[in-house]
Amino acid sequence: MNQKNEDGYELWLRYRRVDNPDRLRQYRQAISRATVLGASETAEIIRRELGRALPALLDRAVPLSEQRPTGNALVVGTAGDLKPLGVSIPQVQRQNLGEEGFLIRSHQAGGDTWIVITGNAETTLLTGAFHFLRLLQTHQNIDNLNILSRPRIRHRLLAHWDNLDGSIERGYAGQSLWQWAELPETIDPRYHDYARACASIGLNGACLNNVNAQAQSLTTAYLEKVAALTDVFRPYGMRVYLSPVFSAPMQLGGLPTADPRDPAVTKWWQKKVDEIYRLIPDFGGFQVKANSEGQPGPQDYGANHDDGANMLAEALAPHGGILLWRAFVYDVSVDQDRAKCANKEFEPLDGKFRPNVLVQAKNGPIDFQPREPFHPLFGAMPQTPLALEVQITQEYLGQSIHLVYLADMWKEVLDADTYARGPGSTVAKIVDGSVFGHNTSCIVGVANTGSDRNWCGHHFSQANWYVFGRLAWDHQLSTETITEEWVRLTWSNDPLVLQSIKPMLHGSWPACIDYMTPLGLHHIMQEGHHYGPDPAFNSAPRQDWNCVYYHRADREGIGFDRSSSGSNAVGQYHPPLREQFGNLTTCPEKYLLWFHHVPWTHRLQSGRTLWEEMQHRYDEGVAFVEKMVDIWQGLQATIDSQRHQHVSQRLAQQLENARKWREVCLNYFGQFVSGEDT
Ligand code: GCV
């Protein structure tokens with residue numbers, strides 16, 4: 001069967017005719033027409049979406065109106081708007097929906113059945129409409145619907161590391177989507193498509209510029225451009241955030257200092273923030289990288305993170321804005337083990353931050369490696385809401401060349417038990433505020449979007465954007481559920497496609513770990529671009545930018561001793577984890593070389609010595625990529641040739657790269673291993 005070529009622009013919103021005859025019949029019967037109540041821009045967007053999706057999915061006309069429908073129909077409206085139509089949503093259910101929840105419910109209207117989508121605000125109706133369309137796209141039963149869904153995390157953001165010149169730090173899918181030179185006059189239609197895609201998976205914010213920020217982004221001229229983008233995003237329920245540079249009062253305001261304790265500096269920020277809110281009344285807030293990797297910050301003036309964060313938070317507070325203060329710091333004078341620095345700097349500040357500050361930590365204590373144990377800051381600052389930052393763009397995981405599905409990585413982190421308040425204090429529950437009773441919460445994903453026609457460079461990288469949104473909305477969803485959705489939406493409902501692609505996705509992350517950094521190895525990528533392997537690298541200006549700093553291979557063994565006899569990074573975890581991680585025999589093998597310097601002859605659970613196990617893992621990783629190439633080949637007749645070829649080419653490159661990783665790493669590490677060790 002020759003499928004029509006696709007370029008991937010439509011993402012998971014392809015709306016192809018339902019090719020399951022029973023379902024098609026059911027859907028046609030249930031939706032003879034659709035009514036969207038309300039006159040807002042959002043209502044208009046919902047009308048457009050349904051007008052585009054329903055006729056395509058049902059392969060026949062579906063009249064749309066703003067009137068009470070006759071016959072079986074889809075009816076979309078807020079609880080208030082539905083009342084005159086005789087649909088009443090009980091008060092308790094309305095309360096349950098909260099600000100952002102939606103309800104999709106079958107309703108008897110005389111002899112007709114309506115499928116009602118409702119919520120307390122119009123943007124929630126849009127989320128609900130997308131959810132309903134997903135049911136149709138994935139061929140679900142729509143009889144007797146009663147779905148109430150609300151997000152567990154309040155702020156669900158994409159962070160764009162986009163520079164004002166259009167380049168993207170760690171971007172692998174072309175240039176920035178934001179056309180700064182043309183804004184605010186020209187509105188690229190793609191802005192709408194971006195916001196629509198985000199809304200369809202429940203995201204509600206975007207930080208537009210790089211955390212390695214430029215002061216220029218806060219000038220009036222740029223704020224006007226930001227305001228124009230915000231006007232596009234608003235009806236989709238997306239708020240806009242910015243990353244300010246801490247030294248802006250000097251660069252833009254001509255002040256001699258950016259010391260947060262200086263009244264002139266405080267005043268400058270207040271005026272700037274007031275200006276922002278005049279232009280963008282629903283501005284979300286700031287995301288700040290300070291005193292990290294050369295960025296200016298309060299410590300330049302002998303002040304600390306709380307002084308800097310609180311000053312900005314106070315300016316934002318009267319307007320309802322939040323302040324995300326990043327904890328990605330690793331000053332070598334704080335500790336010789338980079339993994340320990342953030343906790344050492346931030347734990348003592350717990351309780352000192354203003355209520356609208358969230359301290360933002362990456363999923364692991366180093367830097368978005370293929371696998372890291374969870375960041376020990378989660379669970380170490382009970383009085384401070386902590387935001388979780390994950391990286392959707394695959395800086396260290398093969399960028400947009402390797403097919404690596406990150407769902408299970410993020411789920412591993414979200415489900416990790418910190419034991420901060422006894423068992424069950426998972427990272428997810430710390431982030432959503434439930435463990436320590438915070439009423440604000442945030443998750444941030446560093447975006448992988450760019451100007452490439454397929455948005456993410458690799459067709460399969462779209463899955464990572466998708467799964468980030470879905471988990472941000474509900475971290476309790478299983479990755480299997482989300483994977484199944486994405487495959488059905490993006491590729492096909494064909495059982496062969498499902499059976500083939502699902503195992504590729506779920507096997508791809510473990511395989512990447514195996515062919516890059518098995519058993520807890522980390523940061524042995526090439527300097528700067530972080531793409532290929534370079535375990536021998538030892539000439540960086542800082543020790544902790546060298547690969548040898550992380551793997552510490554020598555004649556005795558390999559790995560970073562972070563046990564109590566080493567750097568004691570394990571001491572930053574709550575019991576029983578510190579004991580479990582700290583003991584070579586109880587440490588999970590997936591973190592072995594993260595926490596221990598292990599003799600080459602050490603026997604693992606498999607019965608193999610460490611060195612044998614390493615060779616085995618590298619082989620397994622490569623073998624899985626070979627398998628993906630074969631599986632994909634088997635789908636040639638089922639997938640359109642444009643997307644099939646694109647993915648085939650990348651898989652071939654991935655295989656070549658995986659073999660290279662194995663060759664370079666085993667050759668390099670092998671020189672430390674003597675004959676007796678093997
Ligand atoms: C935006 C890593 C990346 C940097 C990034 C930094 C951060 O070090 O390599 O490109 O800078 O993380 O998260 O601030």
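How do the residues of the shell around the ligand divide into nonpolar, polar and charged?

View 1. The shell comprises three nonpolar, three polar and eight charged residues; Ala, Val, Leu, Ile, Met, Phe, Trp, Tyr, Cys and Pro count as nonpolar, Asp, Glu, Lys and Arg as charged, and the others, Gly among them, as polar. Glu169, Lys289, Arg326, Lys362 and Glu395 come nearest among the 14 residues around the ligand (a heavy atom within 4 Å).

View 2. The protein buries 97% of the 340 Å² that the ligand exposes when taken alone (Shrake-Rupley method, 1.4 Å probe).

**View 3. Glutamine 287 in strand β10.** The strand spans residues 285-288 (a DSSP run of E, at least two residues). Glutamine 287 is buried, at 1% relative accessible area (buried means under 20%, with a 1.4 Å probe and protein chains only). Its contacts, not counting residues up to four places away in sequence, include Arg326, Gln360 and Glu389 (heavy atoms within 4.5 Å).

View 4. The disulfide count is zero (sulfur atoms within 2.5 Å). Cysteine 341 is buried, at 0% relative accessible area. The sulfur of cysteine 547 is too far for a bond, because the closest cysteine sulfur, in cysteine 665, is 9.2 Å away. Cysteine 547 is also buried, at 2%.

Residues are numbered from 1 along each chain as its sequence is written. In this predicted model, local features need pLDDT of at least 70 and side-chain atom pairs count only at pLDDT 80 or more, whereas totals for chains, interfaces and linings use all residues; side-chain values use heavy atoms, leaving out hydrogens and water.

Conventions. Buried < 20%, exposed > 50% of the residue type's maximum accessible area, 1.4 Å probe, protein only. Helix = DSSP H or I, 4+ residues; strand = E, 2+ residues; numbered from the N terminus.
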